[in-house]
Amino acid sequence: DDRHGKGDSITQCVRPALMGASNLPSLEYGYRELQVYVSETIWTVDDTKDIIHFVAAKPGDVPSLMQGLFATMDRVMADRARDPTSVDCVVAAGMLGFGMVFIHPFEDGNGRVHRFFIQQALRRLGYVPQMLFPVSRVMVREPEGYLACLEAFDAQVMPHTTFQLTHRSGSMEVLNPTAHLFRYFDATDQAQYLYGCVRTCVERDLPEYCALVGQTWNQLYL
């Protein structure tokens, strides 16, 4: 809902992906102020039970975590400029894109921004030419693999997260430090998953996309 500034916040968040974080005067973009989590409610005859699948970063940690994410992208870009073989583009894109969605900095739009991050990282790192590389189309079309990739991270952080849930209001408080879980996570599963998406995109989606562009061009200009 852009009436509350969420649209502007998301637009400003993705700007570092386009420009580089060092070009911005500030990294405060109206991040969420509430603790968010993913849960499942089990209904019984007498009661309900909430099963917590994932607890995102604490809201107080979000600004520094996002600043670190943008700074990491700048460092990766600098390393690639010095030595193009120093950083694997797909691994870096997976780390940056999934790192963002795990932090979950906004109340809404996190999935869309994170998929943009991945596409933009692949472009900025020189993995694809200056064009739309529709890898996010694969991610949206095949949700089972995408969800499995998210759940692999859940399994890393949930055993080390202590929280208190108020059932009446649904509000949650995380009781222990968790920023390190989001700052230094194992991105192996995410990199492997993204490589699979890239392959599917090259073999299926990119040819379909190019054919559609060609067909549209012919209809409009020939």
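This is a predicted model: local features need pLDDT of at least 70, side-chain atom pairs count only at pLDDT 80 or more; totals for chains, interfaces and linings use all residues.

Reader: Fine. How many salt bridges does the structure hold?

Author: Eight. One of them pairs the side chains of Arg82 and Asp79, at 2.4 Å from N to O.

Reader: Where do Arg82 and Asp79 lie?

Author: Both are in helix α2, residues 62–82, and they sit three residues apart, about one turn of the helix. Helices here are DSSP runs of H or I with at least four residues, strands are runs of E with at least two, and both are numbered from the N terminus.

Reader: And is Arg82 buried or exposed?

Author: Arg82 is exposed, at 63% relative accessible area. Asp79 is partly exposed, at 30%. The cut-offs: buried is under 20% relative accessible area, exposed is over 50%, and partly exposed is in between, with a 1.4 Å probe and protein chains only.

Reader: Which residue meets Asp205 in a salt bridge at 3.4 Å?

Author: Arg137, with that distance taken from N to O. Asp205 is in helix α8 (residues 188–221) and Arg137 in helix α5 (residues 135–141), so this pair ties together parts that are 68 residues apart in sequence. Asp205 counts as buried, with 0% relative accessibility, whereas Arg137 is partly exposed at 39%.

Reader: What else forms a salt bridge with Asp205?

Author: Arg141 does, its closest N and O atoms being 2.5 Å apart. Here too helix α5 meets helix α8, so the pair ties together parts 64 residues apart in sequence. Arg141 is partly exposed, with a relative accessible area of 28%. Through shared partners, salt bridges join Arg137, Arg141, Glu142, Arg204, Asp205 and Glu208 into one network.

Reader: Switching topic. Where does UniProt place the "binding site" feature?

Author: The unreviewed UniProt entry places it at Asp108, Gly109, Asn110, Gly111, Arg112, Val113, His114 and Arg115. Of these, Asn110 and Gly111 are in the lining of the largest pocket. UniProt positions are in the numbering used here, feature names are shortened, and annotations may be inferred rather than shown by experiment.

Reader: How's a pocket defined?

Author: On a 1 Å grid over the protein atoms alone, a pocket is an open set of points with protein on both sides within 12 Å along at least five of seven lines. In a cavity, by contrast, a 1.4 Å probe fits but cannot get out, and lining residues have an atom within 4 Å of a point.

Reader: Where is Gly109 found, then?

Author: In the loop between α3 (89–103) and α4 (110–124). Gly109 is buried, at 6% relative accessible area. Val113 is in helix α4 and counts as buried too, with 4% relative accessibility.

Reader: OK, rings. How many aromatic pairs?

Author: Twelve. Phe54 and Phe182 form an edge-to-face pair, 6.5 Å centre to centre with 65° between the planes. Phe54 is in strand β2 (residues 48–55) and Phe182 in helix α7 (residues 179–183), 128 residues apart, and the pair links these distant parts of the chain. Both Phe54 and Phe182 are buried. For the terms, rings of Phe, Tyr and Trp (its six-membered ring) pair if their centres lie within 6.5 Å; planes under 30 degrees apart are stacked, over 60 edge-to-face, and the rest tilted.

Reader: Which residues do ring pairs link into a cluster?

Author: Phe54, Phe98, Phe102, Tyr146, Phe153, Phe182, Phe185 and Tyr193.

Reader: Last thing. What does the pLDDT average over the chain?

Author: 83, and 86% of the residues score at least 70. That score is the predictor's confidence in each residue, from 0 to 100.

Key. Residues are numbered from 1 along each chain as its sequence is written. Side-chain values use heavy atoms; hydrogens and water are left out. A salt bridge is a side-chain nitrogen of Lys or Arg within 4 Å of a carboxyl oxygen of Asp or Glu.
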